[in-house]
Amino acid sequence: MYELFTMISAWMIPAIIVFIPLYAALRRKVPVYETFVEGAKDGFGTAINIIPHLVGMMVAISMFRASGAMELMLAGVRPLFDLFSIPSEVLPLGLLRPLTGAGSLAFTADLIQTYGPDSMIGRIASTIQGSTDTTLYVLTVYFGAIGIRRTRYALKVGLFSDLVGFLAAIFICLYIFG
Amino acid sequence: MVNWIWLFMIVVSVVVAAFTGKMDTVTQAAFDGAKSGVTVSFGLISIMVFWLGMMRIAEDAGLLKTLARLLGPLVRKLFPDIPPNHPAIGYIMSNLSANLFGLGNAATPMGIKAMQELQKLNPDSTTATPAMCTLLALNTSSITLVPTTLIAIRMNYNSANPAEIIGTTLAATFIATSAAILADRWYRRKAAPPANFDSNFKLNKKSLNNSATAAGGDSLV
């Protein structure tokens with residue numbers, strides 16, 4: 001199992017970056033390099049636009065950790081998490097993930113910074129952040145755009161899948177990297 | 001919601017710091033946090049520039065459309081109540097394929113267009129239809145092939161193998177999406193009278209072959 005996961009991780013990016021330009025050039029006669037440069041221009045703005053969101057959230061999270069408030073919040077749930085040998089440090093990420101995209105991204109960055117990217121916490125945090133989207137934001141944007149007020153079971157389904165994704169991320173990482 | 005979470009963290013931090021006598025540390029932490037925010041964002045530039053360049057090639061080569069067409073049968077199965085030749089189907093397929101490539105900026109407008117098309121089929125314009133709920137469920141769990149942002153952050157903090165989380169992320173996202181689809185199915189069956197649901201489903205299956213050409217009619221720009 002570990003070998004399979006390692007292979008997928010190692011091959012996904014090389015496979016994509018070879019296949020796409022090759023297919024584009026040979027089958028569709030796309031001027032690949034010029035097209036690449038044209039599209040790449042958007043990347044800078046995308047990254048820069050994240051700055052205010054990330055600064056705002058990382059200030060709050062950094063303060064929360066430094067003041068001891070994070071420790072206080074986690075002390076209560078730690079015994080329960082220890083029972084399943086889950087690091088309780090990832091709990092706030094699970095709570096933030098469906099509510100705020102910038103907040104959970106900032107929290108993931110904070111966990112990676114504090115515990116290291118290759119620690120179990122760092123790997124679990126990366127997997128949680130990458131595996132689901134911000135349910136509340138998606139709901140607001142999509143239903144807000146067409147004036148839906150009664151959302152029926154949509155929120156419940158979204159939150160349920162977030163919970164499943166959160167637990168799946170933890171147990172998959174514990175199994176693969178443990 | 002976001003406003004309250006943000007306010008909560010800042011206020012609680014200062015209150016707790018007042019009790020623990022860590023006020024200096026907290027002030028320092030605020031500035032450190034701001035600095036990290038900028039560092040992390042700058043760390044994203046390299047990967048974003050590279051990935052969006054690659055994705056433009058994929059777009060120009062029509063790969064997103066091809067992928068959308070491949071998703072056709074699955075989409076029709078998940079949305080039995082949309083008429084097979086309805087434009088909503090095309091938008092949904094574009095939305096899902098953009099999500100797969102991690103192109104949030106392209107996925108969102110497609111998703112909104114799909115919602116607008118679904119709204120035309122809606123008898124009550126303020127209440128969500130089952131199809132809308134399904135589209136939302138797929139988007140909130142969002143299957144992504146390569147979590148580029150995370151790889152960039154891990155790279156920034158000197159990970160020995162930034163990409164090693166691709167496999168675990170794919171597995172977790174697959175499970176989350178399956179859970180979303182199953183929960184959505186369950187609520188659908190609960191909400192609609194079963195006989196009606198069944199006949200709709202069969203009707204759609206029959207017309208599946210006729211509508212194969214209607215797939216991916218809308219371009220992703």
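**Exercises: chain A**

Chain A is split into domain 1 (1-49) and domain 2 (51-177), with bounds that come from an automatic or database domain assignment. Heads-up: this is a predicted model, where local features need pLDDT of at least 70, side-chain atom pairs count only at pLDDT 80 or more, and totals for chains, interfaces and linings use all residues. Residues are numbered from 1 along each chain as its sequence is written, while chains are lettered from A and ligands numbered from 1 in the order in which they are written.

**Exercise 1.** Work out how far apart the C-alpha centres of the two domains of chain A lie.

*Solution.* The centres of domain 1 and domain 2 of chain A are 28 Å apart.

**Exercise 2.** Describe the fold of chain A, then say whether the chain is spread out or compact.

*Solution.* Step one: count 10 helices and 0 strands in chain A (DSSP runs of H or I, at least four residues, and of E, at least two, numbered from the N terminus). Step two: the radius of gyration, taken over C-alpha atoms, is 20 Å for chain A, well over the 16 Å from the globule rule for 178 residues, so the chain is more spread out than a compact globule. That rule is 2.2 Å times the number of residues to the power 0.38.
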